[in-house]
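Q: Got a model open here and a few things to ask about it. Can we go through them one at a time?
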Amino acid sequence: MRSVIKGIGSYLPDRVMTNQEMSELVETSDSWIQERTGICERHIAAEGQYTSDLGYEAARVALEHAGLTSKDIDLIVVATSTPDLTFPATATIIQEKLGMHHGAAFDIQAVCSGFIYGMHVTNALIRAGGAKRAILIGAETFSRILDWTDRGTCVLFGDGAGAVVLEAVEGDEGGVLKTFVRSDGAHRDMLYVDGGPSRTQTVGHLRMLGNQVFKHAVTDIAQVIRDCAEQAEVEVSDIDWFVPHQANQRILNAVAKRLKLRPEQVISTVAHHANTSAASVPLAMDVAVKDGRIKKGDLVMLEAFGGGFTWGAALLRY
Ligand code: ACO
């Protein structure tokens, strides 16, 4: 049994916030943000619009793209670090919004690597016969956990959601070929949120030692791509497309240089989406599928790095 992507979709809130607007909030400039990160603008969820609303919209588009309805789905997995509530899982809230009263739904929390972790788990469940058709969603409202007075972090993030429909298909051709995930809790102080139900009974704000995270990200992403390709018995040079987590254009460029990738093989949406954490990989992939770059049969490597640290990669034949 293999899991094959049957549909993909994404959603961005209407409100676009430019770097110019950022410079009215904190001491920064459009040129600093663009030079250091490649980010020009980000989308911000409206008041009263929650992670489940963004995830629901992305799931709806992915179902439509697959030519399916929620009746055909028996599993919903949501990767998020900004759930609507501490519990229940945002996945169950989306399940209800989709009108589903069957199947199962749960959340996964691996920060910016959440979508890759979600693919790792969903793929394993499908292969083991635990689900026939799943919606895997990455959805975030990071704007809600930013310290809007900290210029080192608030300029980097945005809100959004992306989703794929994965279907169990018999045979050994195509679909998700390999997933490989890693973590190392020793670095958790470099990137974390300083609140939570058990420690502080608050939601907290994102804290990051950006330049330290940057160095780890480049090294670990390059290695995990090599490891994932090796385990799938594929040469990195044979991969058609790379869909990275969209944290910073300089990270994308540095990884591409290490792995000798052509810049045009690397899908980049960071300029317009900023870092949408677990949503960034499916958001970027949706753009490249819908504009015709990623075609049926192409070999695609997804990868991400985030808080924990967590990191990972997934190789698939689209
Ligand atoms: N505008 C202007 N100046 C700024 C800003 C800003 N928005 N932010 C920081 N600066 C200043 C700093 O205060 C510092 O000033 P100083 O030299 O006077 O002290 C100077 O710029 C340099 O700061 P650095 O942090 O060394 O800048 P760097 O080139 O490393 O860029 C950045 C910072 C963009 C955060 C970068 O380090 C980065 O992108 N890191 C990786 C982030 C990432 O990958 N996150 C992924 C995971 S996110 C997740 O999992 C939730």
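Q: Is F309 buried or exposed?
A: F309 is buried, with a relative accessible area of 0%. Buried means under 20% relative accessible area, exposed over 50% and partly exposed in between, with a 1.4 Å probe and protein chains only. This is a predicted model, where local features need pLDDT of at least 70, side-chain atom pairs count only at pLDDT 80 or more, and totals for chains, interfaces and linings use all residues. Residues are numbered from 1 along each chain as its sequence is written, and side-chain values use heavy atoms, with hydrogens and water left out.

Q: Which residue forms an aromatic pair with F309?
A: F305 does, in a tilted pair with 4.8 Å centre to centre and 55° between the planes. Rings of Phe, Tyr and Trp (its six-membered ring) pair if their centres lie within 6.5 Å; planes under 30 degrees apart count as stacked, over 60 as edge-to-face and the rest as tilted.

Q: And what about F305 and W311, why is that pair tilted?
A: Their planes are at 35°, so the pair is tilted, and the ring centres are 6.1 Å apart. Both F305 and W311 are buried, F305 with a relative accessible area of 5%. Ring pairs link F305, F309 and W311 into a cluster.

Q: How many aromatic pairs in the whole structure?
A: A search of the whole structure gives 3.

Q: Switching to cysteines. How many disulfides?
A: The structure has 0, a disulfide being a pair of cysteine sulfur atoms within 2.5 Å.

Q: How far is the sulfur of C228 from the closest cysteine sulfur?
A: It is 19 Å, again to C112, and too far for a bond. C228 is also buried, at 0% relative accessibility.

Q: On to helix α8. Which residues are buried there?
A: In α8 (residues 249–258), I251, L252, V255 and A256 are buried. They cover an arc of only 130° around the axis, which puts them on the same side of α8. The arc is that of the directions from the helix axis to the C-beta atoms. Helices (H or I, at least four residues) and strands (E, at least two) are DSSP runs, numbered from the N terminus.

Q: What covers those buried residues?
A: The cover includes α7 (210–231) and β11 (241–244), by contact, meaning heavy atoms within 4.5 Å.

Q: What comes just after α8?
A: K260, which takes a positive phi of about 55°.
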